[in-house]
Amino acid sequence: MGDVSNFDVGDRDAVRAALLKWYDGARRDLPWRARPGAASDPYHVWLSEIMLQQTTVPHATPYFLSFLDRWPTVADLAAAEDGAVMAAWAGLGYYARARNLLACARVVAAAHGGRFPPSEADLRKLPGVGAYTAAAIAAIAFGEATNVVDGNVERVMSRLFAVETPLPAAKSELHALAGGFVRTDRPGDWAQALMDLGSGVCRPKTPDCANCPIAFACRAQAMGEAAGFPRRSAKVERPHRHGAVYLMWRGRRVALVRRPDKGLLGGMLGLPTSPWGDGPLSELQTQDAAPVSGAWLPAGTVNHVFTHFSLTLAVRELQLREEATGFIWMTRDEAMSALPSVFRKAFPA
């Protein structure tokens, strides 16, 4: 292992050359990724980047393919009904992204003639397009030399430079370090090479240093501590909330509601629920919060983890003689394809 204590710009160029050479032979074959030498479709890049936020590639891939099948262009997506898009998004989580997806598609269609603006600065002005996503689209789809930094890139930089500052405090430092590698040469390939390296080699818990193309320059690897980076601040305990969720049946059809546009799971179809609070509901509170009066029966519990809190819902079930008004009635199969996972968990196996 060579001396990496004096890591200068020349070394950065060597790292770039080594990583790009590795990428040329080991790049992942992803449905949104253009073939070598072909131009990337900005719509594909944008759609995939929005879906991949807080979601793995295997989980996002069938959603991406389904969206392209139903809405092949951004103009097609812009013309889609809100409910259809929200239902197609069910199961991907972070549902504000689906609302922003539609808003962005409509802005691109109406204000940009159905073409994504080609610069990072203008992409950043679109609904739901944050700093990382704008940089990624600009680099991959338009060849702009942007600094594309996601969690994978943060991990690579933290190990490459053995950054002792813990995350999240280290984010600005890691962003600056990544910026030192940005060049006008192959910016999209560079961004995707870092993503592939972080995903398949410089993994969070089990880095594969023996097969890393840039291990020769990695300080953490030289220290024998690659798995110990990035450093982490002590985790803050996630709050836990409680409530009730109601399965109201009329024969084989179940009652759903449309959740308010703003707030958690905004605009999505859902099962009726009580308010969610800090402590478990009493049986009287559970009955009082029910959408209709009746002999509601216990039907298990739902446990679910959101980003900022965990949740336990007591499930209550009722069979009606007639369909109550003010609800959206679907079969179980229809509901299971339209509901977020927290509500799908309420149905009996």
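Student: What is the volume of the largest cavity, and what makes it a cavity rather than a pocket?

Tutor: In this predicted model, about 110 Å³ of space lies in the largest cavity. The word cavity is used because a 1.4 Å probe fits at its points but cannot get out, whereas a pocket is an open set. Of the 15 residues that line the largest cavity, the closest to its centre are Arg159, Cys202, Cys209, Cys212 and Cys218, and H9 gives the most to this lining, with three residues.

Student: How do you know how the lining of the largest cavity divides by class?

Tutor: Cys counts as nonpolar and Arg as charged, and when the residues of this lining are sorted in that way they divide into twelve nonpolar, one polar and two charged.

Student: Which residues of H8 and H11 meet?

Tutor: From H8, Tyr132, Ala139 and Ile140 meet Pro187, Gly188, Gln192 and Met195 of H11. The contact of H8 with H11 has, by class, five nonpolar, two polar and no charged residues.

Student: What makes tryptophan 249 and phenylalanine 347 an aromatic pair, and why is the pair called edge-to-face?

Tutor: The structure holds twelve aromatic pairs, one of which is formed by tryptophan 249 and phenylalanine 347, with 5.9 Å centre to centre and 80° between the planes. Rings pair if their centres lie within 6.5 Å, and planes over 60 degrees apart count as edge-to-face, so 5.9 Å makes this a pair and 80° makes it edge-to-face. The pair links distant parts of the chain, since tryptophan 249 is in strand E1 (residues 240-250) and phenylalanine 347 is in the segment after H15, 98 residues apart.

Student: How much space lies in the largest pocket, and which residues are the closest to its centre?

Tutor: About 1600 Å³ of space lies in the largest pocket. Among the 38 residues that line this pocket, Gln54, Thr55, Gly151, Asn152 and Arg155 are the closest to its centre. Helix H2 (42-51), helix H3 (57-70), helix H8 (131-142), helix H9 (151-160) and helix H11 (187-200) are the elements that give two or more residues to the lining, and the largest share, four residues, comes from H9. By class, the lining residues divide into 17 nonpolar, eleven polar and ten charged.

Student: What is known of the second largest pocket and its lining?

Tutor: About 440 Å³ of space lies in the second largest pocket, and of the 23 residues that line it, the closest to its centre are Gly93, Tyr94, Tyr95, Phe306 and Thr307. The lining residues divide into eleven nonpolar, eleven polar and one charged.

Conventions. Residues numbered from 1 in each chain as written. Predicted model: local features only at pLDDT ≥ 70, side-chain atom pairs only at ≥ 80, totals over all residues. Heavy atoms only, no water. 1 Å grid on protein atoms, 1.4 Å probe; cavity = no way out; pocket = protein on both sides within 12 Å on 5 of 7 lines; lining within 4 Å. Points joined across faces, edges and corners; volume = space filled by probe spheres on them. Contact = heavy atoms within 4.5 Å. Phe/Tyr/Trp six-rings, centres within 6.5 Å; stacked < 30°, edge-to-face > 60°.
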